[in-house]
Amino acid sequence: MRDFSISVDIKAAPQRVWEVLSDGERWHEWTPSVTSVEMLDKSLSVGSRAIIRQPELPPAKFKITALDPGRSFSWASGIPGIVFVHAHHSVEPAPQGARATLRLRFDGLLGGFMGKKMAELNNRYLAMEAAGLKRFSEEGPRDPSVPLEQWNAEAQRAMTAEERR
């Protein structure tokens, strides 16, 4: 398993969702899958770099490889030829607001092995990220008195309930 993806419909304008998604240094405010993102180059542009810290993973440096402002960006991280993670995050108009899609792909000699080894964690983190992006985009920042893990778990339950309808 090399490919992972999740899409979520968000009741907010695509521009609002883009503002939340493209502000990497604030990801830790809406998803417990990210401890911090340090942008090494202050603007989001092709070639800009960042260091992401996530629970259960070593810090990773990623580089923006493609950017369509207001719509999508891609990034890559890894060891060339051995294992590389490519991500593509996009926002598009949808009937009730926007649809965000978060994708990961593992490539390289060990890409298939690492993808399979990381499958449960990748799927769990993508679910956290989609739910947090949806809730933050729709409602704004969480009340600081509510722990992030609780806030995000509530968002995941709400997202699952919406999918059942």
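The legends below describe close-up views of a predicted model.

In this predicted model, local features need pLDDT of at least 70 and side-chain atom pairs count only at pLDDT 80 or more, whereas totals for chains, interfaces and linings use all residues. Residues are numbered from 1 along each chain as its sequence is written, and side-chain values use heavy atoms, with hydrogens and water left out.

**View 1**
The open sheet has 7 strands in the order β1-β7-β6-β5-β4-β3-β2, with antiparallel pairing. Its edge strands are β1 and β2 (36–39), each of which pairs on one side only. Neighbouring strands of this sheet are turned by 20° against each other on average, direction ignored; the axes are lines fitted to C-alpha atoms, for helices over the stretch in contact, and angles run from 0 to 180 degrees between N-to-C directions. Strands (E, at least two residues) and helices (H or I, at least four residues) are DSSP runs numbered from the N terminus, and two strands pair if DSSP finds at least two bridges between them. Strands of a sheet pair through backbone hydrogen bonds, either parallel or antiparallel.

**View 1. Two strand pairs and the faces of β1.**
The antiparallel strands β1 and β7 are joined by 8 bridges, and Ser 5 has Arg 103 in β7 as its bridge partner. On β1, Phe 4, Ile 6, Val 8 and Ile 10 form a covered face, while Asp 3, Ser 5, Ser 7 and Asp 9 form an uncovered one. Between β5 and β6, which also run antiparallel, there are 8 bridges, and the bridge partner of Gly 78 is Phe 84 in β6.

**View 2. The largest pocket.**
The largest pocket holds about 690 Å³ of space and has a lining of 30 residues, with Gln 54, Leu 57, Ala 60, Trp 75 and Val 85 nearest its centre. At least two lining residues come from each of β3 (49–53), β4 (60–68), β5 (72–79), β6 (83–94), β7 (97–107) and α3 (119–139). By class, the lining of this pocket comprises 22 nonpolar, 6 polar and 2 charged residues, where Ala, Val, Leu, Ile, Met, Phe, Trp, Tyr, Cys and Pro count as nonpolar, Asp, Glu, Lys and Arg as charged, and the others, Gly among them, as polar. On a 1 Å grid over the protein atoms alone, a pocket is an open set of points with protein on both sides within 12 Å along at least five of seven lines, a cavity is a set where a 1.4 Å probe fits but cannot get out, and lining residues have an atom within 4 Å of a point. Grid points are joined across faces, edges and corners, and a volume is the space filled by probe spheres set on the points.

**View 3. The second largest pocket.**
The second largest pocket has a volume of about 160 Å³, and its lining includes Asp 9, Lys 11, Pro 95, Gly 97, Lys 134 and Glu 162. β1 (3–10) and β7 each supply at least two residues of this lining, which divides by class into 4 nonpolar, 2 polar and 4 charged residues.

The structure holds 1 cavity of 30 Å³ or more, and the volume of the largest cavity is about 50 Å³. Its lining is made up of Leu 21, Ser 22, Gly 24, Trp 27, Met 39, Leu 44, Phe 62, Ile 64 and Phe 73, that is, 7 nonpolar, 2 polar and no charged residues.

**View 4. Helix α3 and the residue that follows.**
Of the 21 residues of α3, 16 are buried, so the helix is largely enclosed by the rest of the structure; buried means under 20% relative accessible area, exposed over 50%, and partly exposed in between, with a 1.4 Å probe and protein chains only. At 1.5 Å a residue, α3 should span 30 Å, which agrees with the 30 Å between its end C-alpha atoms; the expected span is 1.5 Å times one less than the number of residues. Glu 120 lies in helix α3 but is exposed, with a relative accessible area of 53%. From C-alpha to C-alpha, Glu 120 and Ser 137 are 26 Å apart in space, and 17 residues apart in sequence. After α3 comes Gly 140, with a positive phi near 90°; Gly 140 sits in the loop between α3 and α4 (148–164) and is buried, with a relative accessible area of 9%. Gly 140 and Val 20 are 120 residues apart in sequence, yet 9.4 Å apart in space, C-alpha to C-alpha.

**View 5. Glu 56 in a loop.**
Glu 56 is found in the loop between β3 and β4, and its phi is near 70°, a positive value in a residue other than glycine. Glu 56 is exposed, with a relative accessible area of 60%.
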